[in-house]
Amino acid sequence: MGDHKEQPLRVGAAVRRRRRSLELTLAVVAERSGLSVPFLSQIENERARPSTSSLEKVADALRTTAVELLAAADPACSVDVVRAEVSEPASEPRSRSLVRGHHQMHASEFTGDHEAGREFQYRNDQLMYVADGAVEIEAEGRAYRLGRGDTLYLTGGVRHRWRATVPDTRVVVVAVAEHIEAVRDRDRGRKR
């Protein structure tokens with residue numbers, strides 16, 4: 001249960017990501033593939049499942065292969081459980097992904113100390129939540145001390161670094177996935 005291997009794949013999101021990364025419109029992909037714009041839209045929105053032949057045509061139009069599109073496809077499950085790791089308290093820092101697969105959201109749990117000197121800068125927004133312990137985060141020239149239950153929100157592009165200040169600290173980081181481009185609408189100053 002909750003195992004992605006049991007679930008069919010949703011290739012539509014992979015097609016959309018590839019098309020957008022190439023900055024192509026549906027009309028251009030339709031022209032290149034010989035398929036209709038409405039059908040391509042249905043594929044991208046998971047309302048139609050392409051045949052092998054149609055998927056190969058779409059892949060050719062996107063300058064990739066059907067195998068690559070399937071490899072980048074999302075599992076078709078809407079619910080997935082990621083079980084807690086049962087282990088002794090680790091002396092070494094560790095991290096684990098809290099979301100499996102290729103989704104619009106990424107979440108990780110960091111336990112233990114963290115490489116304090118390492119600077120991070122993500123393209124998209126993220127939220128840091130201190131589940132246990134305490135951390136010190138440096139962002140935009142300021143230091144923030146967070147304890148258990150505290151959160152810090154960082155907009156995309158903000159350079160930051162952080163470190164645990166007490167042993168066995170657990171930090172959960174939730175972010176818009178890197179393959180999603182969350183951009184600001186220049187006219188309104190908000191995300192689209």
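**Notebook: cores and ring pairs**

I began with the fold and counted five helices and twelve strands in the protein; these are DSSP runs, with helices (H or I) of at least four residues and strands (E) of at least two, numbered from the N terminus. A note to myself: this is a predicted model, where local features need pLDDT of at least 70 and side-chain atom pairs count only at pLDDT 80 or more, while totals for chains, interfaces and linings use all residues. Residues are numbered from 1 along each chain as its sequence is written, and side-chain values use heavy atoms, leaving out hydrogens and water.

**Entry: overall numbers**

I looked up burial next, and 35% of the 192 residues are buried (under 20% relative accessible area; exposed is over 50%, partly exposed in between, with a 1.4 Å probe and protein chains only). The accessible surface comes to about 12300 Å², and 47% of that belongs to carbon and sulfur atoms (Shrake-Rupley method, 1.4 Å probe). Among contacts (heavy atoms within 4.5 Å) with a separation of 6 or more, 64% join residues 24 or more positions apart.

**Entry: the nonpolar cores**

Where do I find the largest nonpolar core? It has 17 residues, and Val-11, Val-15, Val-29, Leu-40, Val-58, Leu-62 and Leu-69 have the most contacts inside it. I used this rule for a core: buried Ala, Val, Leu, Ile, Met, Phe, Trp, Tyr and Cys residues joined through side-chain atoms within 4.5 Å. At least two core residues come from each of helix H2 (26-33), helix H3 (37-44), helix H4 (52-61) and helix H5 (66-71). H4 gives the most, with four residues.

I then followed Val-15: leaving aside residues up to four places away in sequence, Val-15 touches Ile-43, Glu-44, Val-58, Leu-62 and Leu-69. There is also a second, separate core of 13 residues, including Met-128, Val-135, Ile-137 and Ala-139.

**Entry: aromatic pairs**

I searched the whole structure and found two aromatic pairs (ring centres within 6.5 Å, using the six-membered ring of Trp; planes under 30 degrees apart are stacked, over 60 edge-to-face, the rest tilted). Phe-110 and Trp-162 are edge-to-face, because their ring centres are 5.7 Å apart and their planes meet at 75°. Phe-110 sits in strand E4 (residues 105-111) and Trp-162 in strand E9 (residues 160-164), so this pair ties together parts 52 residues apart in sequence. I noted Phe-110 as partly exposed at 22% relative accessibility, whereas Trp-162 is buried at 5%.

The other pair, Phe-120 and Tyr-122, is stacked, because the centres lie 6.0 Å apart with planes at 15°. Here Phe-120 is buried at 10%, and Tyr-122 is partly exposed at 31%.
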